[in-house]
Amino acid sequence: MIPRRTIVIGGGAAGIMAAGIAAQRGSSVILLEKMHQTGRKIGISGKGRCNLTNVADLDNFLTHFGKNGRFLRQCFQRFFSKDLIAFFESLNLPLVTERGGRVFPESGRALDVVRVLNSWLQGSGVVVRKSVPVSAILVNQGRVGGVICNGEKLACENIILATGGKSYPRTGSTGDGYRLAETLGHSIVPLRPALVPLVCSDPKVHRMAGLELRNVAVRLYLDGKRRGQEFGELAFTGFGLTGPIILTLSSLVVDTLDTNRQVSLSLDLKPALSEKKLDNRLIRDLTSRRGEQIGSILRGLMPQQMVPVCLEACDLPGDIDTGNFPAKMRKRLVQWLKDFRIEISGYRPIDEAIITAGGVKLKEIDPMTMESKIVKGLFLAGELLDLQADTGGYNLQAAFSTGWLAGSSVY
Ligand SMILES: Cc1cc2nc3c(=O)[nH]c(=O)nc-3n(C[C@H](O)[C@H](O)[C@H](O)COP(=O)(O)OP(=O)(O)OC[C@H]3O[C@@H](n4cnc5c(N)ncnc54)[C@H](O)[C@@H]3O)c2cc1C
């Protein structure tokens with residue numbers, strides 16, 4: 001019997017997994033990738049270390065996707081983090097689990113993930129064609145019939161569309177899949193950047209560009225109401241703020257700013273100390289270091305680059321007599337260290353977002369197979385779908401799992 005032909009469009013996490021699995025299950029598979037390499041986004045993921053997945057249990061894992069997470073339940077019941085970990089270990093890629101349940105290759109190199117995936121694809125018998133952008137999907141009587149690429153028609157019985165989102169377009173994910181899916185009758189939930197750096201117009205913030213803070217807490221206020229809190233790392237940039245805490249809070253911020261509401265962050269530089277304890281520490285420092293400049297005492301509490309900003313914000317003269325430090329000034333200082341307010345005026349463009357929020361409407365996809373409910377033989381997987389999660393390995397697991405399910409379901 002001649003095997004049925006499956007064309008996979010897109011060689012990212014979802015497409016590679018889908019192609020290899022479909023080939024192992026007996027399909028004749030061609031993977032078409034528009035770039036000259038597959039897996040470019042995997043190669044830059046996790047700051048070059050690739051946070052592959054997370055060992056959180058299923059219920060906890062799903063909460064990281066917001067309300068759309070429930071779509072993934074059946075998919076994750078078939079192929080989840082433990083399966084992905086076993087898969088990579090079977091490819092001789094040892095993994096390590098770090099703080100927060102994040103799983104990385106032990107080598108610390110995302111490119112090792114790409115390398116083992118490419119060899120696995122080759123070993124599975126998938127024909128990989130690079131520098132081949134697909135421009136159209138052909139449909140006959142409600143079922144896929146082939147694709148058009150580089151002016152050529154390729155016939156097939158199944159298509160797995162795994163073209164990714166619209167962020168970091170230099171990796172190849174330029175949003176082609178949304179157009180292809182829309183042409184076939186799918187609806188696209190409006191695209192927005194998610195896990196994206198935030199913009200502030202306050203020059204104080206710009207003056208701290210390059211500064212990275214660890215072990216700080218950030219509270220998020222939307223229209224003056226506290227709506228979230230994160231603990232960890234952040235970085236100041238020439239335009240505003242980035243880093244893990246900021247990216248995580250950004251999803252709430254984007255939707256709020258889009259409706260012209262007010263967003264501010266409160267930075268707690270000393271989350272381990274109550275105001276009282278911090279005040280006692282200041283009293284101790286001021287007493288024991290009597291005569292020293294206030295700037296040098298503050299350097300024990302914050303990075304050097306922050307000191308002038310702090311002095312200005314608290315209205316403290318640099319030459320103030322630290323031996324006679326007024327209590328009301330100490331209070332202002334404590335308050336600033338615990339509640340440094342930053343107004344957020346915007347967010348960076350989708351090109352700079354880690355994830356594209358929005359995408360192909362989930363109601364139009366069968367969650368048991370990833371097949372389109374509109375066109376038979378069309379399967380969709382990965383970031384192209386209206387799925388987006390926090391940082392922590394959740395997004396790649398979703399891409400691998402939906403790819404696995406699509407590859408397992410072709411017929
Ligand atoms: C900087 C950065 C760091 C990240 N780090 C992490 C992390 O550590 N952990 C995590 O879980 N997630 C991370 N993510 C998110 C994660 O990488 C993505 O969600 C995931 O790679 C999406 O996989 P995908 O296969 O759906 O899409 P992609 O990886 O974007 O792959 C889509 C592929 O389709 C190809 N393509 C597009 N259009 C066409 C066409 N017309 N014809 C043929 N081919 C086409 C593209 O060239 C691309 O190769 C990160 C993202 C970024 C940008």
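I began with the ligand and found that a backbone N or O atom of alanine 13 lies 3.1 Å from one of its oxygen atoms, a polar contact being a pair of N or O atoms within 3.5 Å, where within protein one must be able to donate a hydrogen and the other to accept it, and residues adjacent in sequence count only if both atoms are side-chain atoms. I noted that this is a predicted model, in which local features need pLDDT of at least 70 and side-chain atom pairs count only at pLDDT 80 or more, while totals for chains, interfaces and linings use all residues. Residues are numbered from 1 along each chain as its sequence is written, and side-chain values use heavy atoms, with hydrogens and water left out.

I then looked up glycine 46, where a backbone N or O atom lies 2.9 Å from a nitrogen atom of the ligand.

Turning to the rings, I searched the whole structure and found 12 aromatic pairs (rings of Phe, Tyr and Trp, the last by its six-membered ring, with centres within 6.5 Å; planes under 30 degrees apart are stacked, over 60 edge-to-face, the rest tilted). Phenylalanine 87 and phenylalanine 88 pair edge-to-face, at 5.1 Å centre to centre and 75° between the planes.

Phenylalanine 88 also pairs edge-to-face with phenylalanine 400, at 5.7 Å and 75°. Is phenylalanine 88 buried or exposed? I noted that phenylalanine 88 counts as buried because its relative accessibility is 0% (buried means under 20% relative accessible area, exposed over 50%, partly exposed in between, with a 1.4 Å probe and protein chains only).
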